[in-house]
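The exercises below ask you to work through a two-chain model step by step, with a worked solution after each task. Please keep the sequence and the structure open while you read.

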Amino acid sequence: MVAGDGQKIAAVTSDGNVPAVGERVRSSGNIPLSSTTSLGAKVRQWWPYYAMMAPGLLFFFIWHYVPIWEAKMAFEQVRIIPPNIWVGLKNFQQLFSSPIFYQVLANTLIISGMKILFVFPVPIIVALLLNEIRSGKLRGFVQSAIYLPHFLSWVVIAGVFIALLSPTDGAVNQIQNAFGFPSVNYMTNTGTIRWVLVISEIWRSAGWDSLLYLAAIFAIDPQLYEAAEMDGANRWQKIWHVTIPGIVPTIATLFILNMGMFLSADLNQVINMQNDVNASTIDILDTYVYRLGLSTGEYALATAAGLFKAVIGMILVVSSHLVSKRLTGKGLW
Amino acid sequence: MTIKKLLLATTAVALLGASIAPAMAQTTIRLVSKDLLTTNPDDMKEIEEIEAGLKAAGHDIDIQTVDLPGGTAAYVDALGVMLLSGDIPDIIYFQGGDQKMAEQGILEDLNPFIEKSEHIKDALWPHNVDRLANYPYLLYIYPPRAPQPVIRQDWLDQLGMEPPKTVEEYEALFQAIHDADLDGDGTPGNTLGLTGFGNTNELDSIFNQAFGVTGTWMKNADGAWVNSRVTDAEKAKIEFYARLAEKGLFDKEYVTNTFDVKEDKFYTGKAGVVFGSSPEVIDIYAGKMRQAHPGEDITLALLPIPSGPGGQGLAAVDVSKESRGFAISSLSEHKDEAFAVLDFMASKEGQDIDRLGFEGVHHNTDASGAVTFTDQISTWYARFFNAANWVPPTPLLSPTAQAALDTIKDNFVADNAFVWPADYAADVDATEQVYRSWVAKFITGEASLDQWQQFVDEYNAAGGTRMAEYAATVLK
């Protein structure tokens, strides 16, 4: 790459950093600490980078920022023929006054809590285990095998789990029966269905989600492992003292982002696993809003619920960021 | 000819053309329907035939279909967003979400059009008339959906039993199916008498009246209106279902069964009786059963409506409104032409196109005018209506399916359900959830019928009491 002033950019600086976009390279080839160049000049100089960034920025602006303004629909009565009518908090009152709203909210919190507690750590463990496989071929095979469920839709996965867990001819119950245990209809048992959600989520996403952690593990400086070995560390000690601390920033970031989605307990998963018996146990905010809002054309109600979730999500993100900063020194910003 | 004469003649021709043109102008009607897509050649060919038929009837209309995603849920979602964005076609097929549009005055009152219609008023089924009187925005000319039970005729013969006529005889039939080794797998006792899918709606179709569940709202001993779901009649019916399930006669996995799983259990002999949701579906079941057992000439027998402690009959039909159907936009500039399209589809010519498929593909007509169907007719389905007064040139239904249709016609009873105001949406949803959940728990054994009062209390707390109070103001 040749910079505007004709100086070749070093691949990395002496401290291992890559020069940032827009930073001018001095004649010496070193990266300046600051720049006083105007924005216009920067754009003219680095326009190919800005051009590459533009579609992404445009995408975010159109699909993530413009809709924020339309969230005002939560406070309106939506009219097909404009204008909408301002109704204040009426949609929120309708949402919160539903006889089953608090049960739905409780279900959402329980299921999301279970997923954070039991699903979130699994990809980390999977990544750590994958990293310990020495044979490249075996690791490739295992990775491919555990990634595959990610590409299956919840319709298919629900079908697989319903068949597997069938009390009459499902494999799980047949194994139970072989050991003398009675059959259990896991899909219609209010005590087990939430665990079915957790386990199916793990099966589907653990492999794929481990990719990020695996990438973080690969970025750890090998010299740290060599130093640990010289100090006589065994495998477990290397994992505990080198690998895990090395991926803590990634874990913290993903945890905080997951907290932002805390009230989204996966509509597709639940709607495909839901039936009349378990509905009261796994009816979540998303299914409730879909049923009451979207399928009946009550878009304002659905937007009110979405806004409620977004506000809670924002509060959780900010508070987990602050907690993470205090505990690990790492956060989102 | 002088230049002046030439100019005069040209002007005259132009004026004549201009005066004729409006009379011959083609009207463009935009139509959105789940079952009409530009990507389906059959759909487009049908539209062409409809346009030709309309032209022959004096309506020069160009029908432009609007593509939306297939599948009911995706269609409903996409339609809602499309209408909300202000893109409102002239004719709209709704499968939910219409009430919100009607409340905002987007949908045209169809009754004045129907009153002066050439064909539709004669094509309506009795429940259509009632529904249009209550909610005049949707038109869906089909017989009411009343699921009815069917069994393999050869299985019934093997059992040496007559079709059951009472609730007790139904239980005896299910027991006999369960105990015999009709599927020939060498293991008696592993066949379900009856299977279903999702909920108990199908069963309710024939057992509601038998147990005295006469309608959505019933009067209690004090003369007050109560929802039938919390009555003793309902409890007796659920007890019957739960007993069947406990004895292994009714499929406890009905809640997790999808419709195709239900069908598969029937075709593979894991269940003896299933409900067909309509006469046409019963014929589809018969065809699939023959495909699953090549070489065997299997026919299905329709089982009769049983009598019980509460009476006999098909479940009362909700006539508060159509749950799906065609609407005309009140913003359309061509309402008359839009209705002309719907009216044509209810005519003999329109029904011939919509029900018989294409000449040479789905049916053949000989020189005498006699129509014979090809094998392809099994892939054809009506996109618009099933008119009550249309008689096919050759029977479209098998004798079993025709018997099912006759049963529907003979047993129509209007329900007293009504359309809920928007303010009650959360209560309706909550009580529905409570009812469905408890019924499934009672039947699968997760809850005991001893907990009935607990269910009633929960139902009333979830909105049942408020709804009953409102019902008392609506019902006479």
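**Exercise 1. Describe the second largest pocket: what is its volume, and which residues and elements line it?**

Solution. Begin with the space itself: the second largest pocket has a volume of about 1,000 Å³. On a 1 Å grid over the protein atoms alone, a pocket is an open set of points with protein on both sides within 12 Å along at least five of seven lines, whereas a cavity is a set of points where a 1.4 Å probe fits but cannot get out, and lining residues have an atom within 4 Å of a point. Grid points are joined across faces, edges and corners, and the volume is the space filled by probe spheres set on the points. The lining of this pocket comprises 32 residues, of which A:Ser264, A:Gly306, A:Leu307, A:Lys309 and A:Ala310 are the closest to its centre.

This is a predicted model, in which local features need pLDDT of at least 70 and side-chain atom pairs count only at pLDDT 80 or more, while totals for chains, interfaces and linings use all residues. Residues are numbered from 1 along each chain as its sequence is written, chains are lettered from A and ligands numbered from 1 in the order in which they are written, and side-chain values use heavy atoms, with hydrogens and water left out.

Next, assign the lining to elements, where helices (H or I, at least four residues) and strands (E, at least two) are DSSP runs numbered from the N terminus. At least two residues each come from helix H2 (47–70), helix H11 (235–260), helix H14 (285–294) and helix H15 (299–328) of chain A, and from helix H3 (72–84) of chain B. H15(A) gives the most, with 12 residues.

Finally, sort the lining by class, counting Ala, Val, Leu, Ile, Met, Phe, Trp, Tyr, Cys and Pro as nonpolar, Asp, Glu, Lys and Arg as charged, and the others, Gly among them, as polar.

**Exercise 2. Characterise the interface of chain B and chain A: how many residues are in contact, and what area is buried?**

Solution. With contact taken as heavy atoms within 4.5 Å, 37 residues of chain B are in contact with 34 residues of chain A. Buried area is the accessible area (1.4 Å probe) that two parts lose on being put together, summed over both; between chain B and chain A this is about 2,900 Å², of which carbon and sulfur atoms give 57%. In chain B, B:Leu84, B:Gln104 and B:Glu253 lose the most area to chain A, together 21% of what that side buries.

For charged pairs, the rule finds three salt bridges across this interface. B:Asp429 forms a salt bridge with A:Arg291, the closest N and O atoms being 2.5 Å apart.

**Exercise 3. Which residues line the two cavities?**

Solution. The structure holds two cavities of 30 Å³ or more. The largest cavity has a volume of about 70 Å³, and its lining includes A:Leu294, A:Tyr299, B:Val76, B:Phe94 and B:Met101, together with A:Ser295, A:Gly297, B:Leu79, B:Gly80, B:Gly96 and B:Gly97. H3(B) gives the largest share of this lining, three residues, and by class the lining has six nonpolar, five polar and no charged residues.

The second largest cavity holds about 50 Å³ of space. Its lining consists of A:Val78, A:Arg79, A:Ile80, A:Gly297, A:Tyr299, B:Leu84, B:Lys100, B:Met101 and B:Gln104, which divide into five nonpolar, two polar and two charged residues.

**Exercise 4. Which backbone geometry is found at A:Pro83 and at A:Asp266?**

Solution. Most residues other than glycine have a negative phi, and most peptide bonds are trans. The peptide bond from A:Pro82 to A:Pro83 is cis, with omega near 5°, and A:Pro83 is placed in the loop between strand S1 (76–77) and strand S2 (85–86) of chain A. A:Asp266, a residue other than glycine, has a positive phi near 80°, and lies in the loop between H11 and helix H12 (267–273) of chain A.

Notes:
A salt bridge is a side-chain nitrogen of Lys or Arg within 4 Å of a carboxyl oxygen of Asp or Glu.
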